Amino acid sequence: MRRALVALVAASLLAVPAAGAGRADTPGVTATQILLGGTGPLSGPESQYEPVLTGAQAYFAYVNDHGGVFGRKIVYKVEDDSYDPAKTVQFTRQLVEQDKVFAIFNTIGTEHSLAIRGYLNQMQVPELFAGTGATSIAAQHTQFPWTIGLLPSFAGEGAIYGRQIVATKPGAKIGVLYENDEYGTDLLSGLKRGLGSHAGQIVSTASYEPTDVTVDSQVQQLQASGADTFMIFALPTQAIQAFVSAAKLGWKPTEYVTSISIDPAVMQIVHVNAGPQAGVGATSTAFLHDPTNPTQQKAAGVLLYRQVMKKYLPNEDWKAVAHLYGMMAAYAMVDALKHAGRNPTRQSLLQAATHMNEVNPFLLPGLKLTTSPSNYYPIGNTYLVRYLHGYWNVLGKPLKTS
Amino acid sequence: MRAPLRAALVAVAAAASLVAASSALAANTATIAVSSSGAATTIHIFVPQTTDPIAAITIYVPAGYTANLSQAANTSIGSVNATANGHDVGLTLPLTGPVVTDNPALHTADACSPTTHAAVWNLNLSVAGQSIVLPLYVDPTAGAATELGAYQMLICLPPWDVPVGTPGRSFDGAQLLDAQFTVNNIFTVPTSGGLLAWHTLFTPYTPGTGTANLVGTFEARALVGSPSLSLKVAKKKGSYAASGKLSEGGLPLASSSVVLLRGSSATKLAKAGSATTDASGAWSKAGKLTGNKPVYFKATATVAERDATAQGCATPLPATVAPGGCTSATLGAWTVSSPVAKLKP
């Protein structure tokens with residue numbers, strides 16, 4: 001397996017001759033370095049996403065130690081936006097205009113990615129692999145061609161749940177908790193699309209604001225509606241609160257939770273607060289390997305992940321899947337840089353990012369990163385997963401999200 | 001004695017006359033238990049949710065212990081598991097991570113204890129990728145503090161009950177409830193008998209202020225004694241009679257369960273029965289013998305943490321050191337095995 005790992009790495013990004021000097025008119029690219037920029041919550045209440053950034057940095061460090069991309073080291077400068085879109089704009093401008101980064105990579109958050117999209121497209125700076133699966137990012141690519149997300153379509157994920165309900169529980173009475181932004185509303189609209197003629201079986205919906213302290217009242221409302229199927233379209237903190245609240249109410253619906261909230265720690269916290277049976281049997285979707293899943297621990301991507309974590313982030317929590325997501329994003333970025341050529345330009349990087357057909361070891365088997373000038377959802381498939389026996393079990397074959 | 005602690009104790013002494021044991025102080029309590037297994041030492045701290053927010057915990061390692069503080073920076077020396085109440089999210093949070101040595105030179109300006117320490121250990125508490133790093137400062141004691149122990153370990157905690165947005169407030173309004181950390185190959189346990197007390201001072205905040213309430217400082221202590229389990233087996237007409245004594249710190253341990261193992265070799269042993277110790281720590285167990293091959297016996301005993309406040313806090317520290325008194329004493333958990341005994345046919 002170790003040999004396979006080495007081969008995988010060698011084939012994917014290394015063993016290439018050093019590049020010549022970068023083009024003088026390409027910001028962020030020198031003969032020895034490629035400067036990328038990014039923003040995300042390194043502090044504040046949403047700093048749970050920090051591992052997405054540190055995971056990417058760790059993978060770039062790994063690539064650099066293996067020769068970089070065409071001999072250039074990747075430098076990834078990350079600014080702390082505290083999950084405030086206004087700061088995202090401020091720091092992104094700083095990265096582009098003062099630091100003169102080659103591209104913006106791995107921006108955390110849908111609202112945040114949208115907030116900088118107009119500016120970056122005006123400046124023709126690639127905004128690559130933003131942490132969002134919002135419809136507006138992918139669907140408006142003709143208007144904003146320099147912006148590409150990375151997460152599977154939120155709406156497509158919602159549609160999968162809708163179709164699953166129709167197939168397994170056609171008489172379901174559905175209650176939906178969703179975040180009151182594009183992330184939540186995309187999931188809800190996708191659910192309705194997937195339910196098709198059964199969409200009328202949504203008996204209640206309740207939204208929350210990310211600033212809400214609890215979602216208890218929303219869960220009570222959904223229970224009171226008579227729903228027997230509970231859709232949790234929420235970020236991890238609110239998803240935990242929703243599971244716990246339902247359990248404490250004695251409500252035992254069929255539960256679905258969005259893929260954003262299936263880090264192993266989510267159920268761990270749910271169980272600490274509501275007992276070991278809370279959340280068991282819940283359904284979600286997954287496209288990433290889970291390093292804690294005993295059935296995946298020998299996968300090449302998990303072995304590579306553990307290797308990178310051990311060397312570059314030895315004191316951080318390797319069980320946090322957000323690290324692995326960050327590495328998956330960084331792997332995709334390295335792929336794009338490699339295909340952008342020995343003397344990359346922003347245009348050649350965009351060309352590469354919109355013509356991807358790449359295996360990525362951090363994705364579950366059978367999934368690839370594919371893009372085209374008309375497909376701005378790099379991850380177009382995902383798996384249904386169910387929480388049983390202490391981890392999320394992969395079910396069946398890949399399902400289309402876009 | 002290091003400057004901050006000395007300053008604290010001076011302040012405590014000055015304010016001692018004002019203590020008058022307010023009712024609020026009476027509610028504050030905590031427990032600490034210490035156990036050793038091989039080269040590992042585990043320290044378990046529990047703070048009830050109703051206790052005022054804790055600003056600092058100073059643990060004194062008893063005289064007789066020696067500590068190896070020579071590890072290079074960034075060496076993983078153990079692990080920590082903790083539980084915190086995240087007041088901002090209304091959830092109990094399980095936290096876990098490694099204990100890693102840090103370069104003391106990087107901590108000379110830390111607000112908690114701005115001086116050069118013999119060692120600094122970072123307790124990395126993580127949940128879902130979010131990490132809280134709590135430095136723990138380790139030093140040999142000096143001056144008056146030598147009366148409390150050979151080494152002191154100091155940790156400061158941010159307040160959770162100040163308004164959201166207050167600088168220095170704990171993450172998610174996290175209130176530490178329970179922490180258990182294990183360090184390996186650090187402490188050498190003294191072999192002398194008797195129960196050794198790990199005096200531990202808890203200094204709370206004045207609720208809602210983020211200001212340390214020095215006169216509210218109270219003590220909890222961990223009591224540690226080396227366990228011993230003896231075994232003697234005699235043969236009597238097709239049967240055996242096993243007996244022995246169980247002690248902790250040289251003192252007999254009553255009402256404890258002893259498990260007797262037997263088998264055909266010293267390494268293939270299975271449970272043969274159990275017995276309970278009497279007031280003198282003595283136990284006995286008899287059984288039948290079959291066959292004409294040697295039989296091997298071993299006894300084991302496991303005890304959990306036990307409250308010993310009544311006896312353990314009988315002699316509290318002076319009010320100048322712990323104005324809030326000694327609120328708990330806890331005997332540590334351990335497992336002990338007897339030597340293997342061989343009974344010839």
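Q: Which residues of α11(A) are buried?
A: The model is predicted: local features need pLDDT of at least 70, side-chain atom pairs count only at pLDDT 80 or more, and totals for chains, interfaces and linings use all residues. Residues are numbered from 1 along each chain as its sequence is written, while chains are lettered from A and ligands numbered from 1 in the order in which they are written. A residue is buried if 20 or more other C-beta atoms (placed from the backbone) lie within 10 Å of its own, exposed if 12 or fewer do, and partly exposed in between. In α11(A), the buried residues are Gly301(A), Leu304(A), Tyr305(A), Val308(A) and Met309(A).

Q: What distance separates the end C-alpha atoms of helix α11 of chain A?
A: Helices (H or I, at least four residues) and strands (E, at least two) are DSSP runs, numbered from the N terminus. The expected span of a helix is 1.5 Å times one less than its number of residues. For the 13 residues of α11 (residues 300-312) of chain A this should give 18 Å, which agrees with the distance between the end C-alpha atoms, 18 Å.

Q: Which are the edge strands of the open sheet of 5 strands in chain A?
A: Two strands pair if DSSP finds at least two bridges between them. In this sheet the pairing is parallel and the order is β2-β1-β3-β4-β5. The strands that pair on one side only are β2 (73-80) and β5 (147-149) of chain A.

Q: Which residue of β3(A) is the bridge partner of Leu36(A)?
A: Strand β1 (residues 33-40) and strand β3 (residues 103-105) of chain A pair in the parallel sense over 2 bridges. In β3(A), the partner of Leu36(A) is Ala103(A).

Q: What angle does helix α12 of chain A make with β4(A)?
A: Axes are lines fitted to C-alpha atoms, for helices over the stretch in contact, and angles run from 0 to 180 degrees between N-to-C directions. Two residues are in contact if their C-beta atoms, placed from the backbone, lie within 7 Å. Helix α12 (residues 321-339) packs on the sheet, touching β1, β3 and β4 (127-130) of chain A. Its direction makes with that of β4(A) an angle of about 150 degrees.

Q: Which elements give two or more residues to the side of domain 1 of chain A that touches domain 2 of chain A?
A: Chain A is divided into domain 1 (2-152 + 294-380) and domain 2 (154-286), with bounds from an automatic or database domain assignment. Their C-alpha centres lie 30 Å apart. The contact takes 13 residues from each of the two domains. On the side of domain 1, the elements are α4 (110-123), α5 (135-139) and α12 of chain A.

Q: Is Thr229(A) buried or exposed?
A: Thr229(A) belongs to strand β8 (residues 229-233) of chain A. Its contacts beyond four places in sequence include Ile165(A) and Pro253(A). Because 23 other C-beta atoms lie within 10 Å, Thr229(A) is buried.

Q: Which element gives the largest share of the side of chain B that touches chain A?
A: Here 16 residues of chain B are in contact with 23 residues of chain A. The elements giving two or more residues to the side of chain B are β6 (91-102), β7 (119-127) and β8 (130-140) of chain B. The largest share, 7 residues, comes from β6(B).

Q: Which residue stands opposite Asp307(B) in β24(B)?
A: All 6 of the 6 residues of β24 (residues 326-331) of chain B are buried, so this strand is largely enclosed by the rest of the structure. It runs parallel to β14 (residues 218-224) of chain B, with 5 bridges, and Arg221(B) stands opposite Ala329(B). With β23 (residues 306-307) of chain B the pairing is antiparallel, over 2 bridges. Opposite Asp307(B) stands Thr330(B).

Q: How many strands are there in chain B?
A: The C-alpha atoms of chain B fill a box of roughly 75 × 45 × 40 Å along the principal axes. Of its 345 residues, 44% count as buried. Chain B has 3 helices, and its number of strands is 26.
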